[in-house]
Amino acid sequence: MMETLYKTPPIQTAIQDLKVTIQDSTLIYPSKQTQNKSFFLSNIDQVLDFHVQTVHFFPANADFPPEIVAARLKNALEKVMVPYNFLAGKLTLNHQTGRLEIECNGSSGAGFVVAAAEFSLDEIGDLVYPNPAFMQLIVQGLGKFEDQPLCVFQVTSFKCGGFALGISTNHVLFDGMSFKIFLENLASQAFDDDKPLPITPCNDRRLLAARSPPQVTFPHPELLKLKPPVGEENAPPVFDCKQDDLDFKIFNLSQDEIGRLKEEAKAATKATGFNVVTAHIWRCKALSCGGRRDRVSTVLYAVDIRGRLEPPLPASYCGNAVLSAYASAKCSALEEEPFSRVVDMVYEGAERMNNEYARSAVDWGEIYKGFPNGEFLISSWWRLGFDEVAYPWGKPRYSCPVVYHRKDIVLLFPEIGGAGSNGVNILVALPAKEMEKFQSLFRKYLP
């Protein structure tokens with residue numbers, strides 16, 4: 001059997017300090033006057049007030065040295081901030097409604113930072129392997145400004161002429177799909193040809209407003225109320241778990257190994273790459289915890305609801321249009337049932353997310369305010385395609401989230417070469433004994 005642990009150089013060879021110097025930091029604004037207004041945020045947006053950081057690494061291009069790239073990007077951002085006017089907005093609490101909204105008055109601006117590192121791109125090590133030093137390629141906020149921007153862009157040049165584009169955005173702005181469209185629009189405006197945006201964003205988030213009155217027609221065990229009534233307390237939600245001292249490892253599944261998992265699950269209704277990988281992780285994660293065999297394990301995973309609503313949302317809907325699907329089973333069933341049945345449970349969890357279920361979940365958020373609730377969440381960056389975006393200076397060598405290690409979140413992200421490589425890297429963080437068991441099961445259950 002092929003070794004499934006991701007090959008990485010010893011940790012001591014990874015550079016711990018990129019020696020990044022900030023050369024300039026400023027606020028940028030839309031290139032044209034935009035309308036002053038309060039920007040409605042859906043119930044899905046409401047619980048996502050935290051920043052997500054991504055880094056996009058580019059090799060050297062003699063025609064586009066980093067200083068030219070920074071100027072082109074700054075100009076492109078100013079242009080895209082006209083249709084994306086909320087990027088220059090300020091997150092505020094409407095005390096009358098108790099809801100977060102974005103105040104779009106054009107005065108807050110987005111952050112733009114130019115920096116330099118003292119290493120070449122090749123010297124900083126394996127771009128896939130999570131390196132805490134990559135946090136230096138991101139500025140979450142700009143300390144010299146009173147109102148922190150909702151998004152900050154940082155261009156960091158390397159000694160070789162390559163550079164990194166680090167982007168920190170408040171999650172209320174984008175989900176993965178709409179962020180990919182934003183990147184495509186940004187890249188298009190960095191060309192020197194004055195072409196219009198390839199994709200016009202749909203900024204009407206009232207398309208995901210709750211019904212009036214709200215109609216919660218399903219029990220929604222995948223959601224946990226912020227303040228449950230006495231006697232209904234449950235396990236802490238996925239986004240609010242106490243953290244242990246964790247080991248973390250990256251497991252790799254090659255295209256061939258994913259193909260073998262699909263073959264083992266051929267009796268399943270829909271043995272897609274995502275379904276078989278999720279089922280494999282779920283089984284290993286649930287059984288690595290030990291404990292009673294009749295314990296119920298619940299896995300959460302995001303489902304894009306744009307095409308599941310009636311009528312469907314526009315594909316260019318800008319905002320968060322994903323909800324947590326779930327699958328639950330006793331550990332004994334995960335151990336004893338055929339793999340195809342576990343894959344079917346994952347498939348059935350996503351199929352549950354039809355128009356009525358999604359609308360019911362949005363309405364649930366209107367009444368209860370709460371968060372996803374499960375044993376763990378699988379967060380997939382695998383097929384988002386950030387490294388397929390074509391800029392004037394080329395496509396990124398690699399694009400990735402700047403990750404933090406949590407026992408309750410498993411990350412899927414692409415190999416270098418993007419989604420086209422068809423393999424997947426899996427970041428798992430667990431206490432040492434659970435990690436040992438997870439690693440053993442990960443190998444055991446690979447056909």
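How many residues of the lining of the largest cavity are nonpolar, how many polar and how many charged? By class, this lining holds eight nonpolar, two polar and one charged residues, where Ala, Val, Leu, Ile, Met, Phe, Trp, Tyr, Cys and Pro count as nonpolar, Asp, Glu, Lys and Arg as charged, and the others, Gly among them, as polar. The structure is a predicted model, in which local features need pLDDT of at least 70 and side-chain atom pairs count only at pLDDT 80 or more, while totals for chains, interfaces and linings use all residues. Residues are numbered from 1 along each chain as its sequence is written, and side-chain values use heavy atoms, with hydrogens and water left out.

A search of the whole structure finds one cavity of 30 Å³ or more, a cavity being a set of points, on a 1 Å grid over the protein atoms alone, where a 1.4 Å probe fits but cannot get out. The space in the largest cavity amounts to about 80 Å³, a volume being the space filled by probe spheres set on the grid points, which are joined across faces, edges and corners. Eleven residues line the largest cavity, and Trp381, Gly385, Phe386, Ser399 and Pro414 are those that lie nearest its centre; lining residues have an atom within 4 Å of a point. Strand β15 (residues 398–401) gives the largest share of this lining, with three residues; here helices (H or I, at least four residues) and strands (E, at least two) are DSSP runs, numbered from the N terminus.

Strand β15 also belongs to an open sheet of six strands with mixed pairing, in the order β1-β6-β7-β8-β3-β15, two strands being paired if DSSP finds at least two bridges between them. The edges of this sheet are formed by β1 (21–28) and β15, each of which pairs on one side only. Its neighbouring strands are turned by 15° against each other on average, direction ignored. Strand β3 (residues 51–58) and β15 run antiparallel and are joined by four bridges, and Thr54 stands opposite Pro401 in β15.

Another open sheet of six strands, likewise with mixed pairing, has the order β10-β17-β16-β14-β11-β12. Because β10 (247–253) and β12 (322–330) stand at its edges with a single partner strand each, one side of each is left without a neighbour in the sheet. Between neighbouring strands of this sheet the turn is 20° on average, direction ignored. Seven bridges connect β10 with strand β17 (residues 424–430) in the antiparallel sense, and Ile250 stands opposite Leu427 in β17. Helix α7 (residues 339–351) lies across β11 (296–304) and β12 and runs at about 145° to β12.

Helix packing was examined next. Helix α4 (residues 255–264) and helix α5 (residues 273–288) pack at an angle of about 85°, with their axes 9 Å apart; axes are lines fitted to C-alpha atoms, for helices over the stretch in contact, and angles run from 0 to 180 degrees between N-to-C directions. This angle makes α4 roughly perpendicular to α5, a term that covers 65 to 115 degrees. Ile258, Leu261 and Lys262 of α4 meet Gly273, Val276, Val277 and His280 of α5 in this contact, where contact means heavy atoms within 4.5 Å. The residues of the contact of α4 with α5 comprise four nonpolar, two polar and one charged.

Helix α5 also packs against α7, at an angle of about 110° and with the axes 9 Å apart, and the two helices are therefore roughly perpendicular to each other. To this contact α5 contributes Asn275, Val276, Thr278, Ala279, His280, Trp282 and Arg283, and α7 contributes Phe339, Val342, Val343, Met345, Val346 and Tyr347. The contact of α5 with α7 has nine nonpolar, three polar and one charged residues.

Some backbone features remain to be described. Most residues other than glycine have a negative phi, and most peptide bonds are trans. A cis peptide bond, with omega about -5°, joins Ser212 and Pro213, and Pro213 lies in the loop between α3 (176–189) and β9 (223–225). The peptide bond from Glu310 to Pro311 is cis as well, with omega near -5°, and Pro311 is found in the loop between β11 and β12. Lys19, although not a glycine, has a positive phi of about 55°, and this residue is placed in the segment before β1.

Note on methods. Angles under 35 degrees count as roughly parallel, over 145 as roughly antiparallel, 65 to 115 as roughly perpendicular and the rest as oblique. On a 1 Å grid over the protein atoms alone, a cavity is a set of points where a 1.4 Å probe fits but cannot get out, and a pocket is an open set with protein on both sides within 12 Å along at least five of seven lines; lining residues have an atom within 4 Å of a point.
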